[in-house]
Amino acid sequence: MKPADQKFATDAHIERAAELILDAEYTIALTGAGMSVESGIPPFRGPGGLWTKYGEPPMNGFQRFLADPKKAWEERLSSRNDELYKPLSEAQPNPGHRALAELGHLGVVRFVITQNIDDLHRQAGQKEMAEIHGNWKLVRCLECGLRFRREQIDFAELPPKCPECGGLMKSDTVSFGEPIPVDMLKLCAENSARADLVIVAGTSATVYPAAGFALEVAQRGGAMVEVNLYESELTALCDISLRGASAEILPRLVRAIVARRKHRAS
Ligand code: ZN
């Protein structure tokens, strides 16, 4: 175990993290609900969480969908303004999402694995990424696995049919009891296998398989940098724990990385 002595993120902590990231060959990031919360989306778990208030969704949600897809779609389409979907449709990417996308453009962060379904990484311009729990704006064919934007799909008849193969379509958001789509798992496995540094932001990384991709990097001797408001189960494994909001810490990290790069180049 490596010591995590930082209680909050001073400029010196940010500088150390920037140095570590610039020394890495292949950096990936794992993000979670904390980043969404900073964009005004209520979390599922914890105090004030939607599931804490209303109870967890059924553990067999996927099986219920398969048993009656028409009914499941009718419910889904009539819930656009409820307490889950309204904040999702109003949310905007925050400076943390934009900073991560910027690190992507700079070639510093090669791949983002997100547990968030809110589409905000994409809206911030993130290119190389896997939405391991799906994306609420997308619809996925359970037969051929293709994903479509909602506006590409004809909802006149429910359940909607895949424009490509005619297969049964479901919201891309992964339900309880539903396997994580294999294309996402493959992308995550390939990228975490290459990584020698993982930035964990806005997640305590306790939900598998997402957490496993970050832990694997550390277990192979790679570095781990955490950006979290609170200490997490990962903290003891981290080389550097940056204590604070992603929207505050990640832009500082970008500035430090850009400055150091210039310094190194000169
Ligand atoms: Zn299809």
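# A working chat on a predicted model

Me: Is D119 buried or exposed?
Reply: D119 is buried, with a relative accessible area of 4%. Buried means under 20% relative accessible area, exposed over 50% and partly exposed in between, with a 1.4 Å probe and protein chains only.

Me: What kind of model is this, and how are residues numbered?
Reply: This is a predicted model, in which local features need pLDDT of at least 70 and side-chain atom pairs count only at pLDDT 80 or more, while totals for chains, interfaces and linings use all residues. Residues are numbered from 1 along each chain as its sequence is written, and side-chain values use heavy atoms, with hydrogens and water left out.

Me: What is the average pLDDT?
Reply: The protein averages a pLDDT of 92, and 97% of the residues score at least 70. Over residues 1–6 the pLDDT is below 50, and this stretch has 16 contacts in the model beyond near neighbours in sequence. Here pLDDT is the predictor's confidence in each residue, from 0 to 100, and a contact means heavy atoms within 4.5 Å.

Me: Back to D119. Where does it sit, and what is its phi?
Reply: D119 is in the loop between β2 (109–114) and α8 (120–123). Its phi is near 75°, a positive value in a residue other than glycine. The helices (H or I, at least four residues) and strands (E, at least two) are DSSP runs, numbered from the N terminus.

Me: What about A205?
Reply: A205 also has a positive phi, near 50°, and is a residue other than glycine. A205 lies in the loop between β7 and α10, and at 6% relative accessibility it counts as buried.

Me: Changing topic, which residues coordinate the zinc ion?
Reply: The zinc ion is coordinated by the SG atoms of C141, C144, C162 and C165, at 2.2 to 2.4 Å. Donors are N, O and S atoms within 2.8 Å of the metal (3.2 Å for Na, K and Ca); water is not among the atoms, so sites may look incomplete.

Me: What is the geometry of the zinc site?
Reply: The site is tetrahedral, with angles of 98 to 119° among its 4 donor atoms. Four donors count as tetrahedral if all angles lie between 85 and 135 degrees.

Me: How are the donors spaced along the chain?
Reply: They follow the spacing C-x2-C-x17-C-x2-C. C141 lies in strand β4 and C165 in the loop between β5 (147–149) and β6, so this pair ties together parts that are 24 residues apart in sequence. C141 is buried, at 2% relative accessible area, whereas C165 is partly exposed, at 42%.

Me: How many disulfides are there?
Reply: A search of the whole structure finds 0 disulfides, a disulfide being a pair of cysteine sulfur atoms within 2.5 Å. For C188, the nearest cysteine sulfur is that of C238, 19 Å away. C188 is buried, with a relative accessible area of 0%, and C238 counts as buried at 0% relative accessibility.

Me: Which residues of helix α5 are buried?
Reply: In α5 (residues 69–77), P69, W73 and R76 are buried. Seen down the axis of α5, they fall within an arc of 60°, so they line one face of the helix. The arc is that of the directions from the helix axis to the C-beta atoms.

Me: What covers those buried residues?
Reply: The cover includes α4 (61–67), α6 (85–90), β4 (138–141) and β6 (169–171).

Me: And H97, what does it touch?
Reply: H97 touches M35, S39, L120, H121 and A124, not counting residues up to four places away in sequence. H97 is found in helix α7 (residues 95–105) and is buried, at 0% relative accessible area.

Me: Last one: where is P181, and what does it touch?
Reply: P181 is in the loop between β6 and α9 (182–194) and counts as buried at 11% relative accessibility. P181 touches I132, R140, R147 and V174, leaving aside residues up to four places away in sequence. The C-alpha atoms of P181 and I132 are separated by 7.7 Å, with the two residues 49 apart along the chain.

Note on methods: Tetrahedral: all angles 85-135°; square planar, octahedral: opposite > 155°, others 65-115°.
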